Amino acid sequence: MLLRTRHLPLIVLFTAAFLLRSADEARAFHYLEHSFFTDRACAPAQDALAAEMEARPEDASLASRYLALALACPARWTRPYCAGGYKRVEATLNRLPEEDKDQVAISLGDFAALPDHVSRFGPVRGLPGTVHQKDGLIEQVFRWLAAEPEGADGIVGDVAEDACETDPDVDWGRVDADVAAYFSATAVTPARVPGPLLTPLARSAVVAGPSDPSGAYSFDNPHFLDLVLRDTHHFADHAYGAWLGYHSAGLEISRRSCASAIGFQGAQLADFAEGLPAFSEVAWSDLEETMLQTEGCRLLRERVRLRLLAWAERAEPHRLHPVADLLASFGADAGSPGSQAMLDRVVTAVMGLVFEGSGLHFLEDGLSSGHMRPVLSRRSLGERRHDHDYDSREGVTAILQTAAGDFPFVAFGDTYLLGPALTGAPDCDWSRLATGDTARPDEVTDCLIRHQRGLVVAAVAASLIDWGAGGIMKEPEENPCPAPSGATAFVCRHLPLGPTRVAGHESTRPLPWRLHTGSLPVPPPLFAYESLAVKVATDLAGLGNQIGLDVAFYQELGSWATWLTSYRIGVRSTDGRTERRNRFGVVEDRKQFSADFSYGFHWRWAARFLIDLEPFVYAGLDGLSPDRVFFMGLGPSVGITALPEGWLKLPLELSIGYRFPITLYTSEYGFFGSSNRLEGHYLQFSLGLAYM
């Protein structure tokens, strides 16, 4: 026998251990940092927009975006962001039941973290690239709004839950205090770090904070590695362009009417309507497109109305004040034209916020040192990761470029912005640190990280304010930046007008004082690959060995890349399967020659680990002599496949499986009867080349 059955458990264990080891080495970009800094930016953004609403009380679009933020931003900041391995800050998208706090409450910060894990954000009617994304992030958001209070589930819930299950624990009080100190010290303009503190000789080594559980993510979300391997748009100019594209799309979507924007199908709307008596009689699958949009928007308005009333019950009082009259109208007379018109705006504002929130991921990437100066010609994942990790750890001198000027600072990168403090320095007085002789390098490093924390939150808040106010910097007729205070002044001083540059890489041409309309980044292709593999098998009953050659074509099934389908064509030869007398009356072993075809289903248990189910049909010849017998049949095949392509330099496919072909027809006996036979219980192993 070519393979012994007692070796199978060892082979399976080796394959799983190899994949886990590879996944652990996949140091990706970090969910918790994106999530926290985005949620923390909500507070100053909401404060600025509340003040703007007092100055523009007639602006219904501004009010609708404020209400959309109310649903996605943390309702209260009364607890640490993470505690006990669970996220403790809650928004109102999928508020948790009071008796169960050990689940995941999704917030705006999750939108910003998810672009490392999802690649579909639609559907939005008329928006290229999202029209066919029937189960993208927008669809998931409205599922949360339609559900009873409960934790997030599925892939998004699994990924978000793991973000807080990291070591070491974060000193959330210290991090929050650093952000607050930044805002109190930069009420006018961002601080410029003095030149003497920008040199690497002035600072000490940094200490890493929590990092992504990349091994767990490879199992939580098989699409994770697909996106890591196609991450060019997370770096340098590409990151800024990606943010600008999402920011522009978020603005435009939130300006549209619900009917012109929703792209849900009848079955999805039927799910959203469950539990609402007013929609129990609607036959969603029978509605024509125009009526589907009309009834669908009526349904979404009701879901948003109910959830806004739930937010009003638990939000901080000062957040309610700017929209108190609107909330009263939603509760007292939800059917009035004015209330329905506002709720229609909130529906599209929520859709736009999905894009704005997702775009913040790339704005934050552009403020992380490991993303500022990659050598994109280095296509190897290992080479890019080396550059990323080095700059993240050692820091770089960077220049934040806003309409208020250029602001030098020292940027560190992923895993270091939530790390522990090196000292107990009570304050960060730049002039004292730059001119005194007593400043220690670890004290300087602490202050540089504290400054960067505030800078990231301020830039994110500026983006949210620009979106919420309808595009302060979006191609205005004249420069708005002489404004002395308020939302416009904050955006002008903190919103990057170009990529944050490493010193020496700055653009020589002046930056514009406006934001032009950006383009969404190119979405990654559907996960697919082709393989050419040699397959050997042995009959567990000892009746013969088999060798063959397979060509297979795999393609993604579904938006989350969790399932694949495949077409496989194979040819194989089997030794010693039958004994027959030839035309001279001599008994001889006969070889079988066969070809088979299968259409398979594959569940991606991990990023590069498939569980295979492949029913197949086959036909062949029993011997090649003149008295050969033609046969055909079918059977099932199950197995596991490993694709270590992401971590080796060889594009390999390894698989182990079991198949048993059942012959149903032979040219000697016809169908059934004596033709019926089990050809063997084959334990098979294949090794091949996989091209993605």
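**Figure 1. The disulfide of Cys428 and Cys447 in the predicted model.** Cys428 and Cys447 are joined by a disulfide, with their sulfur atoms 2.1 Å apart. A disulfide here is a pair of cysteine sulfur atoms within 2.5 Å. The torsion about the S-S bond is about -85°, so the link of Cys428 and Cys447 is left-handed. The pair links distant parts of the chain, 19 residues apart. Cys428 sits in the loop between β4 (405-411) and α18 (430-435), and Cys447 in helix α19 (residues 441-468). Helices (H or I, at least four residues) and strands (E, at least two) are DSSP runs, numbered from the N terminus. Cys428 is partly exposed at 25% relative accessibility. Cys447 is buried, at 1%. Buried means under 20% relative accessible area, exposed over 50%, and partly exposed in between (1.4 Å probe, protein chains only).

This is a predicted model, in which local features need pLDDT of at least 70 and side-chain atom pairs count only at pLDDT 80 or more, while totals for chains, interfaces and linings use all residues. Residues are numbered from 1 along each chain as its sequence is written, and side-chain values use heavy atoms, with hydrogens and water left out.

**Figure 2. The disulfide of Cys481 and Cys492.** The two sulfur atoms lie 2.2 Å apart. This link is left-handed, because the torsion about the S-S bond of Cys481 and Cys492 is about -90°. Cys481 lies in the loop between α19 and α20 (486-494), and Cys492 in helix α20. They are 11 residues apart. Cys481 is buried, with a relative accessible area of 19%. Cys492 is buried too, at 3%.

**Figure 3. The disulfide of Cys42 and Cys73.** The S to S distance is 2.1 Å. With -75° about the S-S bond, the link is left-handed. Cys42 belongs to helix α2, and Cys73 to the loop between α3 and β1, 31 residues apart. Cys42 is buried, with a relative accessible area of 1%. Cys73 is buried, also with 1%. The count for the structure comes to 5 disulfides. With the bonded cysteines numbered in sequence order, the pairing is 1-2, 3-4, 5-6, 7-8, 9-10.

**Figure 4. The aromatic pair of Phe36 and Trp77.** The whole structure holds 30 aromatic pairs. Phe36 and Trp77 form one that is edge-to-face, 6.4 Å centre to centre and with 85° between the planes. Phe36 lies in helix α2 (residues 31-55) and Trp77 in the loop between α3 (60-72) and β1 (82-83), so the pair ties together parts that are 41 residues apart in sequence. Rings of Phe, Tyr and Trp (its six-membered ring) pair if their centres lie within 6.5 Å; planes under 30 degrees apart count as stacked, over 60 as edge-to-face and the rest as tilted. Phe36 is buried, with a relative accessible area of 2%. Trp77 is partly exposed, at 27%. Ring pairs link Phe36, Phe37, Trp77, Tyr81 and Trp172 into a cluster.

**Figure 5. Arginines over the rings of Phe527 and Phe631.** The charged end of Arg604 sits over the Phe527 ring, 4.0 Å from its centre. The charged end of Arg677 sits over the Phe631 ring, 5.8 Å from its centre. A charge counts as over a ring if NZ of Lys or CZ of Arg is within 6 Å of the ring centre and within 35 degrees of the ring normal.

**Figure 6. The salt bridge of Asp550 and Arg568, and its network.** The side chains of Asp550 and Arg568 meet at 3.6 Å, N to O. Asp550 is in strand β7 (residues 545-557) and Arg568 in strand β8 (residues 563-581), 18 residues apart. Asp550 is buried, with a relative accessible area of 1%. Arg568 is buried, at 7%. A network of salt bridges links Lys535, Asp550, Arg568, Arg572, Asp596, Glu614 and Arg659. A salt bridge is a side-chain nitrogen of Lys or Arg within 4 Å of a carboxyl oxygen of Asp or Glu.

**Figure 7. The salt bridges of Glu139 with Arg143 and of Arg56 with Asp59.** Glu139 and Arg143 meet at 2.5 Å, N to O. Both lie in helix α5 (residues 137-146); being 4 residues apart, they are separated by about one helical turn. Glu139 is buried, at 5% relative accessibility. Arg143 is partly exposed, at 29%. The closest N and O atoms of Arg56 and Asp59 are 2.4 Å apart. Arg56 is partly exposed, at 22%. A search of the whole structure finds 35 salt bridges.
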